[in-house]
Amino acid sequence: MEKDLIQKAQKRDRSSLERLYRHFYGYAMSIALRYSGSREEACEIVNDSFMKAFDNLDQFSLENSFKAWFRRIIINTSVDYYRKNFKHYAAMDIDKASAESYDPDIIDTLSREDILRSLGELPETLRLVFNLYEIEGYKHNEIGEKLGIPASTCRTYLARAKEKLREKIIAINQIKNEGAVR
């Protein structure tokens, strides 16, 4: 069914393009939300991604996975959005946090929402590098090329992102434990 829909969309059939949009909107939004600082930014990224996909649909080969092809477009659009708007983002807090001891099983106590919210609270650059490295599997030199920064800076940003996530997770766990004690 998906291939038929894509074939019709490649011929610019308006209803097929609309159905393709509705079919992949949730998927696109889930990726864009990980990369953006707000729902509004995610909507812009999703809409721009669909425009790019629809403009280049004739280049898509039906032997490939549309989902994987579209995922790459969404990620690249997210990176483009970041680079275009970088000058507008507030200066991020990059101070090295003090290391605290923590329970490695702490992550098991968190909900998916807790983890996504913590990730969403990271400064733009840290969130972008974390997503590209840890979730998408890009290497530091690839991220550096995409963002126009040295690979060593990517490593630093990743370390800071992990430290900030660790702090947020510890704080969430402490709040949960305090609530359980009462």
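Biologist: Why is Glu136 called buried rather than exposed?

Modeller: In this predicted model, Glu136 has a relative accessible area of 19%. Buried means under 20%, so Glu136 counts as buried.

Biologist: What makes Glu136 and Arg71 a salt bridge?

Modeller: The closest N and O atoms of Glu136 and Arg71 are 3.0 Å apart. The rule asks for a side-chain nitrogen of Lys or Arg within 4 Å of a carboxyl oxygen of Asp or Glu, and the pair therefore qualifies. The two residues belong to distant parts of the chain: Glu136 is in the loop between α6 and α7, Arg71 is in helix α4, and 65 residues separate them.

Biologist: Why is Arg71 called partly exposed?

Modeller: The relative accessible area of Arg71 is 24%. Partly exposed covers the range between the buried limit of 20% and the exposed limit of 50%, so Arg71 is placed there.

Biologist: How many salt bridges does the rule give, and what makes Asp80 and Arg83 one of them?

Modeller: The count comes to nine salt bridges. For Asp80 and Arg83, the N to O distance is 2.8 Å, and the cut-off is 4 Å; the pair therefore meets the rule. Both residues lie in helix α4, three residues apart, about one turn of the helix. An α-helix has 3.6 residues a turn, so residues three or four places apart point the same way.

Biologist: Are Asp80 and Arg83 buried or partly exposed?

Modeller: Asp80 has a relative accessible area of 32% and Arg83 one of 40%. Each value lies between 20% and 50%, so both residues are partly exposed.

Biologist: What makes Glu121 and Lys168 a salt bridge, and which parts of the chain does the pair tie together?

Modeller: The side chains of Glu121 and Lys168 meet at 3.4 Å, N to O, which is within 4 Å. Glu121 lies in the loop between α5 (112–120) and α6, and Lys168 lies in helix α8, so the pair ties together parts that are 47 residues apart in sequence. Glu121, at 46% relative accessibility, counts as partly exposed, as does Lys168 at 23%.

Biologist: Why is Lys146 said to have no salt bridge?

Modeller: The nearest side chain of opposite charge is that of Asp80, 7.1 Å away. A salt bridge needs a distance within 4 Å, so Lys146 has none, although Lys146 is buried. Lys146 lies in helix α7 (residues 140–147). Leaving aside neighbours within four places in sequence, Lys146 is in contact with Asn76, Val79, Arg83 and Tyr138.

Biologist: How do you know that Val79 is buried?

Modeller: Val79 has a relative accessible area of 2%; as buried means under 20%, Val79 is therefore classed as buried. Val79 lies in helix α4. Beyond four places in sequence, Val79 is in contact with Leu128, Leu132, Lys146 and Leu147. Val79 and Tyr35 are 44 residues apart in sequence and 8.2 Å apart in space, C-alpha to C-alpha.

Biologist: How do you know that the span of helix α3 is close to the expected one?

Modeller: Helix α3 (residues 39–55) has 17 residues and reaches 24 Å from its first C-alpha to its last. The expected span, at 1.5 Å a residue, is also 24 Å. The buried residues of α3 include Ile45, Phe50 and Phe54, and the buried residues of this helix pack against α2 (14–35), α4 (66–85) and α6 (124–135).

Biologist: What makes up the largest nonpolar core, and which residues have the most contacts inside it?

Modeller: The largest nonpolar core has 44 residues, and those with the most contacts inside it are Leu20, Phe66, Phe70 and Leu132. At least two residues of this core come from each of α1 (2–10), α2, α3, α4, α6, α7 and α8 (151–181). The largest share, nine residues, comes from α2. Not counting residues up to four places away in sequence, Leu20 touches Leu5, Ile6, Ala9, Phe50, Phe54, Leu57 and Phe66.

Biologist: How many helices and strands does the protein chain have, and how much of the chain counts as buried?

Modeller: The protein chain has eight helices and zero strands. Of its 182 residues, 39% count as buried.

Note on methods
Residues are numbered from 1 along each chain as its sequence is written. This is a predicted model: local features need pLDDT of at least 70, side-chain atom pairs count only at pLDDT 80 or more; totals for chains, interfaces and linings use all residues. Side-chain values use heavy atoms; hydrogens and water are left out. Helices (H or I, at least four residues) and strands (E, at least two) are DSSP runs, numbered from the N terminus. Buried means under 20% relative accessible area, exposed over 50%, partly exposed in between (1.4 Å probe, protein chains only). Lys and Arg count as positive and Asp and Glu as negative; His and the chain ends are not counted. Contact means heavy atoms within 4.5 Å. The expected span of a helix is 1.5 Å times one less than its number of residues. A nonpolar core is a set of buried Ala, Val, Leu, Ile, Met, Phe, Trp, Tyr and Cys residues joined through side-chain atoms within 4.5 Å.
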